[in-house]
Each structure stands twice: as C-alpha cells, then as structure tokens.
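Biologist: I am new to this structure. Please take me through it, one question at a time.

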Amino acid sequence: MNTTGFQPTAPDRDGAERIAWLSVTVNLLLVAIKAILAVLTGSLAIRADALHSLTDVAGAGIVLLGIRLSRRKSPRFPYGLYKVENLVALGTALLLLGAGYEILTEAFAQASPAPPSRIPLAAAGIGATIAIGWLFSRYELRRARETGSPALAADARHVRADMLSSMVILASLLGSAAGLAVDRYAAVAAVVFVTRSAWDILVGAVRVLLDASLDYETLETIRQVAESDPRVIAVKELRARNAGRYKFVELSVVVTAKALAKGHQIAEEIESRINASVANVDRVIIHYEPSSKDRLTVGVPLCGDRRTVSEHFGEAPYFRLVTVDQASGEVRRDAILQNPCLSEDKAKGIKAAQWLLREGLDRLVVRRELVGRGPGFVLGDADVEVLVADEPDAERSLSIGGVERTQVPGGSDRATK
C-alpha cells in the first residue's frame, strides 16, 4: 500500500533516466582509467584529475536522482517535482565552478612539480579519456535537447568541463616531455570555458526556479496558435513558465461562442494545437469569455452585380458586410468585399466562413440553408446566427438581418474592396 502520498514513478518514456545511468557508468570508467594511470606514472596531476572525476560521478548520481524525482507527483506537490531537475542543474553549476578552481589549483599550486614517468603511456591514457568524454558529452547534449532536460544538459557540460581539465593534464604531460611549461596557459583557457558553462547553467536554473517567463519565440508561437482560430476574437493575456523540462501555459481569450459548452470545446481544440506546436507542455489552462459586442455585423453573399444575393455561399464573388451600433442603429461600416476563397480548389465554403469570422461576422442572411454543410458547422461553432430568406435584393436582405439603415452618417453609403 502506498502510504507516502506519492504516485509511482512514471515510465522513462523519453529515455532520460537511461542516459543518466549511462552517464554514471561513463564517469566511473573515466575515474578508473585515471586512477590506474596515476598509480602507473606517479603523476600527482593525474591523481588530482581522477579525484576531480569523482565529482562527476557524484554529479551524475544527483542528475539521476533528480530525473527520477521529477516524474513523481503527490497531493502536496500537485504540479509535480519537475523543478528538482533545475535544482540539480544549479548544483551542477556550482560543481563546475569548483572544477574550474581545481584546474587553476593544479596548474599553480606547485612551482616545479616532479615530472611524471611513462609520459607516452600517460598521454595515451589521458587522450583516451578526452575522446570518451567528448563523444559522450555530444551524445548526452543532443539527447538533452531532444528531451528538453536541463539536468542532462548540465551533466553534459560537466562532462565537457572534465574533458577540458584532462586537456590541461595532457598539455602538461606534453610540455614536460618537450621541456616546456605550457600547462598554466592551458589551465587559464580551460577555466574560461568551464566558468562560461557554469554561468549559463546557473542563470538558466535560477530563472526557472523564480518562474521567469518562457522565451519570446515560444510565447509568440502559442499566441499565433490561439489567434489562428477564427472563433478567437482576442488573446487578452498570455503567461507561461518552465518547471524542469516542462512548460505550463495560461491563456485568457475572448471567443465568439456564447454557450458554455462551445466555449469549452474551443478551449480544448486550442490546447490540443498548442501541445502539437510546442514541445514538453505539461498543462494548458485557458480562461475563455464570450465577447460583449456593442456592434452587430451582418453579412450577405452577393452576385457579380453586387446587388443581388447569391444562392451560392462559397462561390459567391462578393460579400457585403454592414456593421451597426446596436444602441443607436447607426452604420459604422458598409463594405463590399471580394471573396478571397473563390480561387480555392477545395472547401471554399468552409474557408469563406472562417474568413468572415475574422471579419467579425455576427449574423448572416442567405438564400439556401447551410445546416449540415461545412460552412454551417463553422458558423454554428462560432454562434453566428444564420437566417434563410428567399429575398434576392441585398438591401431588403440586410433589413431582414436587422440593419434598418445602410447610410453611413457624414460619408458615402458604401465602401468597395
């Protein structure tokens, strides 16, 4: 019986835990190689590098722990423990700074250290550890980007820092063989790389722990997904944050639907498209509200003479849209627009209905019923009122739709586009 309150650990679907186990194994292998080389050559630098690699083993173990804990939830932590990964990344950044300090200590602690023996063997062994670290860090960093795991990314950079410290040792060995002292200069270069990696990890972890917003590009992608729905009138508010590799999104939108069930349907469809467009989204919360419009837009499909109501919806060459102030009845807009969907090969009616929604359509007067057809479903989902009237004259059809006057005060009676 589960008495901890935590749900069982979720399956390792993205392979992050398996990679963390592999990291522990690789780091143990590097420690073993360096320890053997230290014994065979008597090199204090290699012995220090082996001790430094032990911190990598500890760091990889922390990463593994963080990944396992990040997939668990409980009533006390209903949003999960995703930020454990960021805490792990923060700890790894501190280890990286410690590694940089160790590298400088190795380079400057002794004025004239005793030269190691078996330099060719030591150089070959250290070269092998550099190759292993380089290959594994590239693989782990690529998988970290694929899974979005900050802990794996931090561990990959830690392995790369260990590789840089090994390069310092290799430079020292080659310099000893040639009678040159270049290890100190190599140490400074390595510490620059280590410190830069540590700073990037540190800033990224702190931003997530403080609930900083997602990057601008991701926010814009989410906004565009929401605004691309013709039933969405406006995105009033958009907030999103990271927790570990996962993203939490909150949206406040104004929709054309007035019924609660239809508003809920629109929210679910937007959520599905956001999940398909943005990786590693854990939760999307959408607050929706119906539009409270003080103006009414009525439309009719027109024939080529721009005066007769067309019997065809999707193939109508023009649409006339009239917007009136609902309080005063004054016309604020009277425009005849070309149907931009007329040249489409398929789904002209559906695309025309979506275009009209973007134009703010509230009521449509047609000569043929749209129920059971694609345009009817699109307009019905947006709560557009469709009136059927066997009236060929556009002016009288607009009157049926609720437009009593089509004269714009102080201006011409119609705009054509």
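This is a predicted model: local features need pLDDT of at least 70, side-chain atom pairs count only at pLDDT 80 or more; totals for chains, interfaces and linings use all residues.

Biologist: Which residue forms a salt bridge with arginine 231?
Modeller: A salt bridge needs a side-chain nitrogen of Lys or Arg within 4 Å of a carboxyl oxygen of Asp or Glu. Here the closest N and O atoms are 2.3 Å apart. The partner of arginine 231 is glutamate 269.

Biologist: How many residues apart in sequence are the parts that arginine 231 and glutamate 269 tie together?
Modeller: Arginine 231 sits in the loop between α7 and β1 (232-243). Glutamate 269 belongs to helix α8, residues 260-277. The pair therefore ties together parts whose separation in sequence is 38 residues.

Biologist: What is the relative accessible area of glutamate 269?
Modeller: Partly exposed covers the range between the buried cut-off of 20% and the exposed cut-off of 50%. Glutamate 269 counts as partly exposed, because its relative accessible area is 28%.

Biologist: Which residues are linked with Arg231 and Glu269 in a network of salt bridges?
Modeller: Take one member through its contacts. Aspartate 229 lies in the loop between α7 and β1. Leaving out residues up to four places away in sequence, aspartate 229 touches Ile266, Glu269, Ile270 and Arg273. The network joins Arg231 and Glu269 with Asp229 and Arg273.

Biologist: Is aspartate 229 buried or exposed?
Modeller: The cut-off for buried is under 20%. Aspartate 229 has a relative accessibility of 3%, so it counts as buried.

Biologist: How many salt bridges does the count come to?
Modeller: The pair of arginine 231 and glutamate 269 is one of them. Another joins the side chains of aspartate 282 and arginine 283, at 4.0 Å from N to O. By the distance rule, the count comes to 22.

Biologist: How far apart are the closest N and O atoms in the salt bridge of aspartate 211 with lysine 83?
Modeller: The two residues do form a salt bridge, with a closest N and O distance of 2.6 Å. This pair links distant parts of the chain, 128 residues apart. Aspartate 211 is in the loop between α6 (183-209) and α7 (216-227), and lysine 83 is in the loop between α2 (44-70) and α3 (84-108). The distance asked for is 2.6 Å.

Biologist: What is the relative accessibility of lysine 83?
Modeller: Aspartate 211 is partly exposed, at 38%. Lysine 83 counts as partly exposed too, with a value of 22%.

Biologist: What is the phi of aspartate 211?
Modeller: Most residues other than glycine have a negative phi. Aspartate 211 is not a glycine, yet its phi is positive, at about 60°.

Biologist: Where is arginine 306, which has a positive phi although it is not a glycine?
Modeller: The phi of arginine 306 is about 65°. Arginine 306 is partly exposed, with a relative accessible area of 31%. Its place is the loop between β4 (295-302) and β5 (318-325).

Biologist: Which residues does arginine 157 touch, not counting those up to four places away in sequence?
Modeller: Arginine 157 lies in helix α5, residues 150-178. It counts as partly exposed, at 30% relative accessibility. Its contacts are Leu96, Ser197 and Ile201.

Biologist: What is the volume of the largest cavity?
Modeller: The structure holds one cavity of 30 Å³ or more. Its lining has four nonpolar, two polar and four charged residues. Among them are Pro301, His312, Phe313 and Arg373. The volume is about 50 Å³.

Biologist: What share of the residues of the protein counts as buried?
Modeller: The protein has eleven helices and nine strands. It has 417 residues, and the buried share is 45%.

Technical notes. Residues are numbered from 1 along each chain as its sequence is written. Side-chain values use heavy atoms; hydrogens and water are left out. Helices (H or I, at least four residues) and strands (E, at least two) are DSSP runs, numbered from the N terminus. Buried means under 20% relative accessible area, exposed over 50%, partly exposed in between (1.4 Å probe, protein chains only). On a 1 Å grid over the protein atoms alone, a cavity is a set of points where a 1.4 Å probe fits but cannot get out, and a pocket is an open set with protein on both sides within 12 Å along at least five of seven lines; lining residues have an atom within 4 Å of a point. Grid points are joined across faces, edges and corners, and a volume is the space filled by probe spheres set on the points. Ala, Val, Leu, Ile, Met, Phe, Trp, Tyr, Cys and Pro count as nonpolar, Asp, Glu, Lys and Arg as charged, and the others, Gly among them, as polar. Contact means heavy atoms within 4.5 Å.
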